[in-house]
Structure formats: C-alpha cells, structure tokens
Amino acid sequence: MHQKMFDVTHPYASCPNDIDTDARLQEGTTARVDFVTSCSDNIDTGIQAACDATSESEFPVGVTTVTCSCEDLSQNTDECSFTVTVKDVTHPNASCPNDIDTDARLQKGTTARVDFVTSCSDNIDIGIQAACNATSQSEFPVGVTTVTCSCEDLSQNTDECSFTVTVKDVTHPNASCPNDIDTDARLQEGTTARVDFGTSCSDNIDIGIQAACNATSQSEFPVGVTIVTCSCEDLSQNTDECSFTVTVKDVTHPNASCPNDIDTDARLQEGTTARVDFVTSCSDNIDIGIQAACNATSESEFPVGVITVTCSCEDLSQNADECSFTVTVKG
C-alpha cells in the first residue's frame, strides 16, 4: 500500500524594506514608486506575489501599507508587507498684495485703516490661511510698516511674503500768529520799538514744531509798517503760513530851535525898516532835513516896533514843535 504525500510547507513571501519618497519628485500630488516582491517555494516554481499595489503605482501623500501574499499550488500561503511613505516637501505659495500707499488725511485721527488681501495656495492641502503680523483693516501709523505673512501646510512646509504699508501725513500744520500790533517809538530808546509777540504751530501728528518767522519776538522794529511772516513745517514737509503787521508810530515831536530875541534900529538901514538876519532849525530823532516854517524869513524887512516871529517844525509823522522870538526895531 502506497502512502500519499502532501505539500504542507508554505512558500516564502519577500517584500522590500519600507520606502520613503516625496511628492516633489513627481508631478501632481502623488509619487510613483517602483518596488520588487517575490515568492520562493521548496517545490513549486514561478509563483508570483499578489500585492494590493503594483510597482510604479501612484501613492498619495502619507503612509500606505502594501501587503503581498504568495500561494503555492498546494494552497500554502505566506504574506509580507511594507510601507510607502510619501512626504509632502513642496512648500505652499504665499501671496501678498503690492506695496500700499495711503495718507492719514483720509482717516480720522493720526492713522489710516488699510484693507488688503493675502492668500495661500498648496498643491495638496486646501483651506490654508495666511498668518500676518497685521490684519486687513488694521490701523497703520504714519510712516512705513512692513507686513509679513506666512503660509504653512499640513506637512509643515512654509512660505512667506511681505509688503509695505506707507501712510503719508498730508495734513498741514496750523500756524498761529498774533493780531496786528501797534506801538510807538517813544516807548523805546532810539528810533525803533522792541516788540514782544508769540507765535505757535500745532499739528495732528508731530509735536514740538516751532514757527520760523522773518522777525523774532523782542526784535527792534523801525518806524512804519513791517509785515512779519511765520511758517510751520511738520516732519512730512507739510507747511502752513500766517502773518501780521507791526506798526511803529513816531509820536516824538521834533525840536524847533529859534534865536534869542533880536534888538536893532532902523537907523542902521535905509528907510523905515530894518533888515534882520537870523537862523532857525529843526531836529528830529527819526526824520532828517526838516525845515522850520516861520512867519518871517531871515533878511526880511521889519518895521519899527516889536514883531514876534513864530517858527514851527513838523516831521513826516506830523508831530510838530514850535518856537518864537521877538524882533524889536527901534526908530
């Protein structure tokens, strides 16, 4: 009697080591992976491994377990497995707007509210939001602010972009001048008047701005009308200007000078009168060349008797002075 023999020895399934690759090496969002599996058996030959993925299959990002089995003709089996890890090493794309220029005049206060849009795009992950150091509709101060935005996908790949927000101060400061000033030279020594006044600059942003004037407080102003102009300029070179007048009036009268009283007699002259020579003058602290106006001139003919000669001096500001003397002609 012959005993029947059975094959109860399982074949041997052989798988590769775990495989790591990345999606950047391939087009799209998957990686094509090449691998070799095999089956060996003590009896049967030509057994092929049956796997749940084939070599050169496209594997998605992440970890995929590939299981392969070998079965001989006696239905003995063996199994092996390995992992295919596809890493996403492609960074997302961070998108920022162009640099933004605006001005503080369009907004209330000293800042400008700026609206902008940023975005993130990725070859695999969706819905990624940009993280920025300022948000749209934030209030930006005057000057240049750099806004930096970053995008990070689920595989921690990152990208960054930036843009500047320039807020210009286009609001001019306010220059403040005093009212027109009237004074007179008599209050001061000499021919000028020292005038004290205050000017100021105010600005919605910059502080400590000083007015620049073509004359300073406590300057000496000459007789007449002087226009004082003051300007204010902020740090953004916005300007404003104001002006006022300083009128210095000459209220000091000139000095009229007459000779002493004069005595003469008609016998020294021909006829019944005497020709009298005299000198008068005018002096003034400001005006020069003023002439005395008298009711008789030097070398006039004076009749016998006592005549009062009156002389007056008037400067250009119509201040006046007067003097007189007598001419006594004896017969």
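Which residue does a disulfide join to C201? Select C232 together with C201, and you will find the S to S distance is 1.9 Å. Keep in mind that you are looking at a predicted model.

**First stop: the disulfides**

The structure holds twelve disulfides, and we will visit some of them. Stay with C201 and C232 for a moment and look along the S-S bond: the torsion there is about -80°, so this disulfide is left-handed. The two cysteines come from distant parts of the chain, with C201 in strand β20 (residues 200-202) and C232 in strand β23 (residues 224-233), 31 residues apart.

Next, select C213 and C230. A disulfide joins them, with an S to S distance of 2.0 Å. This link is right-handed, with 110° about the S-S bond. C230 sits in strand β23, while C213 belongs to strand β21 (residues 212-213), 17 residues apart. Is C213 buried or exposed, or partly exposed? C213 counts as partly exposed because its relative accessibility is 25%. C230, at 1% relative accessibility, counts as buried.

Now move on to C258 and C323, joined by a disulfide at 1.9 Å from S to S. With 75° about the S-S bond, the link is right-handed. To find C258, go to the loop between β25 (255-257) and β26 (262-265); C323 is in strand β32 (residues 320-330), and the pair is 65 residues apart. C258 and C323 are each buried.

**Second stop: an open sheet**

Switch to a cartoon view and colour β10, β16, β15 and β13. In that order, these four strands make an open sheet with mixed pairing. At the edges stand β10 (100-103) and β13 (131-132); each has a single partner strand, so one side of each is left without a neighbour in the sheet.

Now zoom in on β15 (residues 143-152) and β16 (residues 158-168). How many bridges join these strands? There are ten, and the two strands run antiparallel. For a landmark, select T146, which stands opposite T164 in β16. Strands of a sheet pair through backbone hydrogen bonds, so show the backbone atoms while you are here.

The structure holds six salt bridges. K168 is in strand β16 and D101 in strand β10, 67 residues apart. K168 counts as partly exposed, at 42% relative accessibility.

Go next to E58 and R32, another salt bridge, at 3.0 Å from N to O. E58 lies in strand β6 (residues 57-60) and R32 in strand β3 (residues 30-33), 26 residues apart. E58 is partly exposed at 39% relative accessibility, and R32 is partly exposed at 48%.

Since E139 lies in strand β14 (residues 138-141) and R113 in strand β11 (residues 111-114), the pair ties together parts that are 26 residues apart in sequence. E139 is partly exposed, with a relative accessible area of 39%, and R113 is partly exposed at 48% relative accessibility.

How values were computed. Residues are numbered from 1 along each chain as its sequence is written. This is a predicted model: local features need pLDDT of at least 70, side-chain atom pairs count only at pLDDT 80 or more; totals for chains, interfaces and linings use all residues. Side-chain values use heavy atoms; hydrogens and water are left out. A disulfide is a pair of cysteine sulfur atoms within 2.5 Å. Buried means under 20% relative accessible area, exposed over 50%, partly exposed in between (1.4 Å probe, protein chains only). Two strands pair if DSSP finds at least two bridges between them. A salt bridge is a side-chain nitrogen of Lys or Arg within 4 Å of a carboxyl oxygen of Asp or Glu.
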